[in-house]
Amino acid sequence: MTVKAIVGVALMLASAACSEEIETPTSATATGPATVLFSGTLQPRTTRFYSFTLTTSGTVSALLASVERNGVPAANLLEIGIGSPAGTGCAVTISANVSASLIPQLRYDAAEGTYCVRVADTEGLSAPMTFTIRVIHP
Amino acid sequence: MRIRIAAICWVALLAGACEDAGITSPSETTIDLNTFSSIINPGSTASREFTLTSGGTVAITLTTTAPSGVALGLGIGIPRSSGSCALSAGVEAVAGGAAQIAMTAEAATYCAKVYDPGTVTAPTTFTIVISRP
């Protein structure tokens, strides 16, 4: 083996050693959970619902983020529920009577599909209230 | 004197031994404080978004108003897509040193809102401090 050949082999080995130390960056393909806000006005003794779709299974959480009248927070209890669209309504699977909060009040393990979140006045509001529901889903 | 010095050295040695034994001081909880100042006109509101990277208690303190003694509405909520702040809770408060409102929240984006609860008759400057985990 000539000197040139020896040098060439040595360079190849050095190059290989270097390439093993270089980490290939991984692309950030993971997607986080989706946050959806549903806002509207709830009339006394009525319900409203909103649909959303899960493309992957996982845990859906929902909270009643706000109940307001003329921009001022109210302590009224409203029923929020998670279920599946049925006809022209929302067939609720789980529900709770809650006041506004910043921590999840409902958690529901769901498969892929279309679901709905419903808000209802079961206590009898004295006047229309604006509300916001936050849903976090996979 | 020699006994006292010896005692001090002994205590120092014990302290060193304790550190070597793996006893550590209690961990400190880091709390971020954000200050927000603006002006409230009669019937108006002002809000500021903030993000929690971990769950915990959010507390808001109305620290100053000018003129002083003006009661302002103070609330915590979730920002709507329109940019307004949907309030989860609110209080009417005058400036002070202690938090006037606090809520437990999970990691997400929230908003603090200052509003005229019907008490503001002239432009009022204010400062709030948002304390978050």
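Of the 133 residues of chain B, 26% count as buried, where buried means that 20 or more other C-beta atoms, placed from the backbone, lie within 10 Å of a residue's own, exposed means 12 or fewer, and partly exposed is in between. In chain A, buried residues make up 25% of 138. Keep in mind that this is a predicted model: local features need pLDDT of at least 70, side-chain atom pairs count only at pLDDT 80 or more, and totals for chains, interfaces and linings use all residues. Residues are numbered from 1 along each chain as its sequence is written, while chains are lettered from A and ligands numbered from 1 in the order in which they are written.

**Overall make-up**

- Chain A has one helix and nine strands; helices (H or I, at least four residues) and strands (E, at least two) are DSSP runs, numbered from the N terminus.
- Along the sequence, chain A reads α-β-β-β-β-β-β-β-β-β.
- Chain B comes to one helix and eight strands, in the pattern α-β-β-β-β-β-β-β-β.
- In chain B, 77% of the contacts between residues at least 6 apart in sequence join residues at least 24 apart; a contact here is a pair of C-beta atoms, placed from the backbone, within 7 Å.
- For chain A, residues 24 or more positions apart account for 76% of the contacts with a separation of 6 or more.

**Where the chains meet**

- On the chain A side 15 residues are in contact with 18 residues of chain B.
- β1 (34-42), β3 (58-69), β4 (72-73) and β9 (129-137) of chain A each supply at least two residues of the side that touches chain B.
- The largest share of that side, three residues, comes from β3(A).
- Sorted by class, the side of chain A that touches chain B has eight nonpolar, five polar and two charged residues. Here Ala, Val, Leu, Ile, Met, Phe, Trp, Tyr, Cys and Pro count as nonpolar, Asp, Glu, Lys and Arg as charged, and the others, Gly among them, as polar.

**Strands around β8 of chain B**

- β8(B) (residues 124-132) has a covered face made of B:T124, B:F126, B:I128, B:I130 and B:R132, and its uncovered face holds B:T125, B:T127, B:V129 and B:S131.
- β1(B) (residues 32-40) pairs with β8(B) in the antiparallel sense over nine bridges; strands pair if DSSP finds at least two bridges between them.
- In β8(B), B:F126 stands opposite B:S38.
- β3(B) (residues 56-66) also pairs with β8(B) in the antiparallel sense, over seven bridges, and B:A59 stands opposite B:S131.

**The open sheet in chain B**

- Four strands of chain B form an open, antiparallel sheet in the order β2-β7-β4-β5.
- β2 (45-51) and β5 (85-93) of chain B are at the edges with a single partner strand each, so one side of each has no neighbour in the sheet.
- Neighbouring strands of this sheet are turned by 20 degrees against each other on average, direction ignored.
- Inside this sheet, β4(B) (residues 72-79) and β7(B) (residues 109-115) pair over five bridges, with B:L74 opposite B:V114.

- B:A66 and B:P67 are joined by a cis peptide bond, with omega about 5 degrees; B:P67 is found in the loop between β3 and β4 of chain B.
- A:R45 is not a glycine, yet its phi is positive, near 60 degrees. A:R45 lies in the loop between β1 and β2 (47-54) of chain A and is exposed, with 11 other C-beta atoms within 10 Å.
- A:N70, another non-glycine, has a positive phi of about 55 degrees. A:N70 is in the loop between β3 and β4 of chain A and is exposed, with 8 other C-beta atoms within 10 Å.

Methods:
Two residues are in contact if their C-beta atoms, placed from the backbone, lie within 7 Å. Axes are lines fitted to C-alpha atoms, for helices over the stretch in contact, and angles run from 0 to 180 degrees between N-to-C directions.
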